[in-house]
Amino acid sequence: MEKPKPIKRHEALQPLSRQHHFGLLFSWKIRKGFAKEISISRMKAYADWFFEKEIQPHFRLEEEFVFPVLGPENPLIERALQEHQEIKALFEDTKEPSKSLSILEEKLKDHIRFEERTLFNKIQEAATISEMEKIDEIHLQISTPDEYTDAFWEN
Ligand SMILES: [Fe+2]
Ligand SMILES: [Fe+2]
């Protein structure tokens, strides 16, 4: 059977899609960390860094520029906002970081897939030209991510 053609990501949404790629890498690194029995405190330090540098700004941009295209009543947006809350709570949890990191690894991946496969397609279908121009301003607000020095996932 022929595979469905992937929908081309609108240029304005590409910076966020690039960050999604880093998010998937984050999940992979955490999974790798568990497999290598890296200490939780070491992984948690990385997760805290990633939350501050990548996740928080990313959520802010989506909520400010992208989600308003469909509006808060839209069930896809309700789901996305709900997942942002859940992911944020998992990153911020200090009581059971081992459990939280393990759930987070899965949940972040699912959230990104939902946005890439469903939500962003709907957004680019529904957005007016001026909404897309506004989303395009995201390019100005995103810089290249820093490297994290303690690469526990390597080797
Ligand atoms: Fe999101
Ligand atoms: Fe996202």
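Reply: Happy to. One definition to start with: buried means under 20% relative accessible area, exposed over 50%, and partly exposed in between, using a 1.4 Å probe and protein chains only. This is a predicted model, where local features need pLDDT of at least 70, side-chain atom pairs count only at pLDDT 80 or more, and totals for chains, interfaces and linings use all residues. Residues are numbered from 1 along each chain as its sequence is written, chains are lettered from A and ligands numbered from 1 in the order in which they are written, and side-chain values use heavy atoms, leaving out hydrogens and water.

Me: Thanks! Is Ser27 buried or exposed?
Reply: Ser27 is buried, at 0% relative accessible area. Its place is in helix α1, residues 14-35; helices here are DSSP runs of H or I with at least four residues, numbered from the N terminus.

Me: And what is Ser27 in contact with, leaving aside neighbours within four places in sequence?
Reply: Leu104, Glu105, Leu108 and Lys109. Contact means heavy atoms within 4.5 Å.

Me: New topic: at what angle do α2 and α3 pack?
Reply: About 160°, with the axes of α2 (residues 40-66) and α3 (residues 75-92) 10 Å apart. That makes the two helices roughly antiparallel, a label for angles over 145 degrees. The axes are lines fitted to C-alpha atoms over the stretch in contact, and angles run from 0 to 180 degrees between N-to-C directions.

Me: Which residues meet there?
Reply: On the α2 side, Phe50, Phe51, Ile55 and Phe59 are among them, and they face a set in α3 that includes Leu81, Ile87 and Phe91. The residues of this contact divide into 8 nonpolar, 1 polar and 6 charged. Ala, Val, Leu, Ile, Met, Phe, Trp, Tyr, Cys and Pro count as nonpolar, Asp, Glu, Lys and Arg as charged, and the others, Gly among them, as polar.

Me: How many aromatic pairs does the structure hold?
Reply: There are 11. Rings of Phe, Tyr and Trp (its six-membered ring) pair if their centres lie within 6.5 Å; planes under 30 degrees apart count as stacked, over 60 as edge-to-face and the rest as tilted.

Me: Why is the Tyr46 and Trp49 pair stacked?
Reply: Because their planes are at 20°, with the ring centres 6.1 Å apart. Tyr46 is buried at 2% relative accessibility, while Trp49 is partly exposed at 21%.

Me: What about Phe152 and Trp153?
Reply: That pair is edge-to-face, 5.0 Å centre to centre with 80° between the planes. Phe152 is buried at 2%, and Trp153 is buried too, at 9%. Both pairs sit in one aromatic cluster, which also includes Phe26 and Tyr148.

Notes. Parallel < 35°, antiparallel > 145°, perpendicular 65-115°, else oblique.
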